[in-house]
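Let us read one structure together, by question and reply. Please look at the sequence and the model first.

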Amino acid sequence: MNKIAIVTGGTRGIGLSITKGLIAEGYQVAALYHGNEDAAQKCATETGAKVFKTDVADFNACKEVIAKIEAEMGSVNVLVNNAGITKDGMLHKMPEENWHAVIETNLTSCFNMCHAVISGMRDRKFGRIINISSINGQKGQMGQCNYSAAKAGMLGFTRALAQESAAKGITVNAICPGYIATDMTSAMPQEVLDSIVRQIPAARMGKPEEIADMVVFLASDRSAFVNGATMTVNGGQYMAA
Ligand code: NDP
């Protein structure tokens with residue numbers, strides 16, 4: 001079987017590490033991005049991934065990009081829904097558009113992308129879908145009603161789709177990273193990051209590769225009996241039951 005994987009937000013941060021991790025395992029990777037052309041071109045040159053510009057919040061754009069990827073590369077076996085944004089603020093100050101932008105980019109994107117690949121995976125009786133949620137979807141985070149809701153929504157979505165898909169040889173799992181050193185977290189004030197690190201038993205932030213390693217496992221045949229699971233990768237910061 002060809003090993004074709006899609007990684008949304010696959011050209012930067014955690015997604016870039018996932019792209020590299022899957023390529024090291026012999027996958028051909030389509031890395032999706034939104035607007036950062038420099039990062040996309042660097043990713044393509046350095047990793048050999050094919051890069052595709054799209055907005056994962058746009059249902060029709062997702063259908064179109066999947067059709068293009070399947071025409072150029074072949075049937076998709078692995079989908080990693082990693083693209084995400086934050087637009088933080090206390091609820092009483094949160095503009096309506098910041099609610100919708102975060103819900104649509106983080107959560108509706110999972111519907112859009114899964115909707116575009118799931119029929120093919122069911123027909124071929126194989127698929128691996130991995131949704132990158134967050135510690136803040138598990139525990140909630142002040143200033144992130146939009147993000148915490150979107151990331152918690154991904155966990156419910158994961159479990160429901162896993163139940164629908166298991167008999168067709170498809171697994172659907174979620175990963176909840178803790179704080180990982182990427183552009184997303186480097187945008188936070190240093191004193192906030194320092195206070196977060198003090199709450200992490202491992203006494204450090206995570207590395208993008210540590211999320212990629214979990215993705216590689218969940219994409220593999222070795223994980224066939226892991227389905228609907230929430231994999232917590234956070235240095236012990238939040239120990240969910
Ligand atoms: P980054 O901000 O470093 O990268 C985000 C990626 O998502 C970029 O490739 C970006 O594309 C892409 N993207 C954003 N919006 C869209 C869109 N509308 N359509 C397509 N692609 C889009 O994020 P991280 O690597 O830090 O985070 C990756 C995932 O992990 C996110 O879902 C995040 O919520 C989650 N996460 C991160 C944690 C952390 O500590 N970093 C902790 C827990 C979860 P472009 O480059 O073109 O802008």
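Q: Which helices each supply at least two residues of the shell around the ligand?
A: Start with the terms. Helices are DSSP runs (H or I, at least four residues), numbered from the N terminus. A residue is near a molecule if one of its heavy atoms lies within 4 Å of it. Here helix H1 (13–24), helix H6 (145–165) and helix H7 (183–186) each supply at least two shell residues. The largest share, three residues, comes from H7.

Q: What should I know about the model itself?
A: This is a predicted model: local features need pLDDT of at least 70, side-chain atom pairs count only at pLDDT 80 or more, and totals for chains, interfaces and linings use all residues. Residues are numbered from 1 along each chain as its sequence is written, and side-chain values use heavy atoms, with hydrogens and water left out.

Q: Which residues come nearest to the ligand?
A: The shell has 30 residues, of which Arg12, Gly35, Asn82, Tyr147 and Thr182 come nearest.

Q: How many shell residues fall in each class?
A: Ala, Val, Leu, Ile, Met, Phe, Trp, Tyr, Cys and Pro count as nonpolar; Asp, Glu, Lys and Arg as charged; the others, Gly among them, as polar. The shell has 11 nonpolar, 15 polar and four charged residues.

Q: At what angle do H3 and H4 cross?
A: Axes are lines fitted to C-alpha atoms over the stretch in contact, and angles run from 0 to 180 degrees between N-to-C directions. The axes of H3 (residues 59–73) and H4 (residues 96–124) come within 7 Å and cross at roughly 40°. Angles under 35 degrees count as roughly parallel, over 145 as roughly antiparallel, 65 to 115 as roughly perpendicular, and the rest as oblique. H3 and H4 are therefore oblique to each other.
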